[in-house]
Amino acid sequence: MNRILLFLVLLTSLVSSTAMGDIDSPRKQMANGVPSEDVICKNGLQLMIRSNGDAICVKSSSIEKWVSSQRAEIVDFSLRDSKNNDTSSDKGQVETDIFPEKILVQSARDSYVLGSTMTFTGESEPNTSLEVELEDSDGNKVYTDILEIDDSGIVQFEIKTDDSFTHGAYFLILKHGDDSEIVPVQIGESAGDIAAVIEKFHFDYDSNASIEIFGPLSAKISLTVYDSRDNVRFEDKVQLDKKGHAEYLLDLSGYKRGNYYLVLNYASEETIEEFTVGLSKGITPIDIKIDDNYYKIGETVLLSGKSSDNTKILIELIDPTGEVIDKIEYYTDNDGKFTYPLELSLGKQNGLWTVKVSNAERISELTFEVVGKEKILTVQLDKEEPYRHGEFVTISGTGIDSEFQSVIQITSADAFFELIPEVTNEGTFSEVWQIPENLAPGTYTVLVKDDTEDVTTNFQVIYKTES
């Protein structure tokens, strides 16, 4: 009787909210104990039930896609009463869904051959920006993009798998604001990896975190939440279905402000995902720096900085054309510090890049140069006019491989001089050489070489008395 009374109270609350024009999302309604077949949708949306039992509210234009793909079916309201009598539930694990009525994207195939092209199609809210990320089973980003969706709402794009990909599970994550969708795909044979994708990075106090969990078929996964001091905050077991999937709702009631780690374990496999709870917006200036000024495609830019403690920050990586290549939600720790590695494999543009960090009130940015897979060896002198005996010649350049011995040779038909330059980590050098008083006038060649290439330039030497 108590369960029936609770259901009636919840249903009455939902009806009242409907009358006021305020309807919770399907996920929140189910999290509050409403059976999926009793979820109430906003006007113009159709209630459907996915194959895993989740309720979704979809646009009328999407109903046929859901039905034809056998991923969901329209609710048979004649079965409501009989289904309402089913009181089976799992207090720890709650079926949920991440707003599929706003983002609906699917892969052309569940599994791809390494080297082939992944194809994704679907729909999202018209005239919006859709953030796209593809992660491997370890949570590493292998692809990212920001799609501009036009007024049709159609989403269609491809991802080419190259040598940077490996066999295993991958997860396409699409985000717009607080709405997101997750599409699992496979390259080659399944390796039985486990993985978790959390719907977002920042959560409010006393909220719920929706987590998609993937792993071996019908496996029971150990789930543990640790705080920033590595203390266990929560533990549970998660039963995956026959497709190796589960959707889990983590209750964050009572969690203190800070960052947390979700750890999944199965046999000898482990995966870790990070999230935050209760962080505020920052108001103090942001100081940022990177570990170098020059990078190659494929290298990592180590970004670090300091601002207000325990605050939300947004990191943006921008290529030379002004396109935002990546957006990362992150945080400052108890001391107001943060460190984050930015992967340059996400873009393919050489030139001047920008990294921007904001905390809602303040913005800081800096630039660095991406010089491609190989740096270009260059040499230059401090002037073009002839040099006189006793003057100093400054020889400088870029692109030397700092891991190998490099030389500077100054030669003519009758003279030979050799210098060993000091080379920075960026491959730059600058050496000063004084012209001997007894050096014969004429043309001299400067040769700079490392282990792979060389470059030359010429200069003239004249007597001091020449004008």
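Which residues of the largest nonpolar core touch the most other members?

## Basis of the model

This is a predicted model, in which local features need pLDDT of at least 70 and side-chain atom pairs count only at pLDDT 80 or more, while totals for chains, interfaces and linings use all residues. Residues are numbered from 1 along each chain as its sequence is written, and side-chain values use heavy atoms, with hydrogens and water left out.

## Nonpolar cores

In the largest nonpolar core, which has 25 residues, those that touch the most other members are Leu303, Ile315, Tyr330, Phe338, Leu342, Val357 and Phe368. A nonpolar core is here a set of buried Ala, Val, Leu, Ile, Met, Phe, Trp, Tyr and Cys residues joined through side-chain atoms within 4.5 Å, where buried means under 20% relative accessible area (1.4 Å probe, protein chains only). Among the elements that give two or more residues to this core are β23 (300-306), β24 (311-318) and β27 (351-358), but β25 gives the most, with four residues.

Val357 has contacts (heavy atoms within 4.5 Å) that include Ile288, Leu303, Ile315, Phe338 and Ile363, residues up to four places away in sequence not being counted. Another core, of 23 residues, lies apart from the largest one and has Ala196, Leu252, Tyr255 and Leu264 among its members.

## Strand pairing around β18

Strands are DSSP runs of E with at least two residues, numbered from the N terminus, and two of them pair if DSSP finds at least two bridges between them. Strand β18 (residues 258-266) pairs with β15 (residues 220-227) in the antiparallel sense over six bridges, and Tyr260 in β18 stands opposite Asp227.

Nine bridges join β18 to the antiparallel strand β19 (residues 269-277), where Glu274 is the bridge partner of Tyr261. These two strands, β18 and β19, form a hairpin with two residues between them, and Ala267 in the turn has a positive phi of about 55°.

Terms used:
Buried < 20%, exposed > 50% of the residue type's maximum accessible area, 1.4 Å probe, protein only.
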